[in-house]
Amino acid sequence: MKKGEEQEAGKKEFIEALKILETELGDKPYFGGDSFGYVDISLITFYSWFQAYEKFGNINIESESPKLVAWGKRCMEKESVSKSLPDSEKIVGYVAEFRKNNLGSE
């Protein structure tokens, strides 16, 4: 919701955090190695928000962290995960409505 330099600094910090996660993931399919583990369970909830971050933060997460996006897609192939998380489109709609009601934009 910030503008100008604050927004750019926030985007930079967010991208740095994604890169750290991507480094920790390495070449493994999951943070738990070959199996979906506790760290994956904790982090997959953020994957549903990627589309909203991209739209409202003007960030291309896939180009910045392709391994992390591939990990998220792999996790979403698990029925238990895909049925548990909110739809990304619904989150984008929620954020748009929130911005409209609280910021007078969008």
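This is a predicted model: local features need pLDDT of at least 70, side-chain atom pairs count only at pLDDT 80 or more; totals for chains, interfaces and linings use all residues.

Reader: Fine. Which residues have the most contacts inside the largest nonpolar core?

Author: Those are Phe31, Ile44, Phe50, Ile61, Leu68 and Trp71, in a core of 17 residues. H1, H2 and H5 are the elements that give two or more residues to this core.

Reader: And which element gives the most?

Author: H5 does, with 4 residues.

Reader: What does Phe31 touch, skipping residues up to four places away in sequence?

Author: Its partners are Leu21, Glu24, Leu25, Val39, Asp40, Leu43, Leu68 and Trp71.

Reader: How many residues are in the second core?

Author: That separate core has 5 residues, including Ala52, Ile91, Val92 and Val95.

Reader: Back to H5. Which of its residues are buried?

Author: In H5, which runs over residues 66-76, the buried ones are Leu68, Val69, Trp71, Gly72 and Cys75. Looking down the axis of H5, these buried residues fall within an arc of 155°, so they line one face of the helix.

Reader: What about Ser65, buried or exposed?

Author: Ser65 counts as buried because its relative accessibility is 0%. Ser65 sits in the loop between H4 and H5. Leaving aside neighbours within four places in sequence, Ser65 is in contact with Leu18, Lys19 and Glu22.

Reader: Switching topic: how many salt bridges does the structure hold?

Author: There are 5 salt bridges. One of them joins the side chains of Glu8 and Lys11, at 3.4 Å from N to O.

Reader: Where do Glu8 and Lys11 lie?

Author: Both are in helix H1, 3 residues apart, which is about one turn of the helix. Glu8 is partly exposed at 46% relative accessibility, whereas Lys11 is buried at 14%.

Reader: What does Asp27 form a salt bridge with?

Author: Asp27 pairs with Lys67, and their closest N and O atoms are 3.1 Å apart. Asp27 is in the loop between H1 and H2 while Lys67 is in helix H5, so the pair ties together parts that are 40 residues apart in sequence. Asp27 is exposed, with a relative accessible area of 74%, and Lys67 is partly exposed at 39%.

Reader: And which residue meets Glu62 in a salt bridge?

Author: Lys73 does, at 3.6 Å from N to O. Glu62 lies in helix H4 and Lys73 in helix H5, so this pair links parts that are 11 residues apart in sequence. Glu62 is partly exposed at 41% relative accessibility, and Lys73 is partly exposed at 42%.

Terms used: Residues are numbered from 1 along each chain as its sequence is written. Side-chain values use heavy atoms; hydrogens and water are left out. Buried means under 20% relative accessible area, exposed over 50%, partly exposed in between (1.4 Å probe, protein chains only). The arc is that of the directions from the helix axis to the C-beta atoms. Contact means heavy atoms within 4.5 Å. A nonpolar core is a set of buried Ala, Val, Leu, Ile, Met, Phe, Trp, Tyr and Cys residues joined through side-chain atoms within 4.5 Å. A salt bridge is a side-chain nitrogen of Lys or Arg within 4 Å of a carboxyl oxygen of Asp or Glu.
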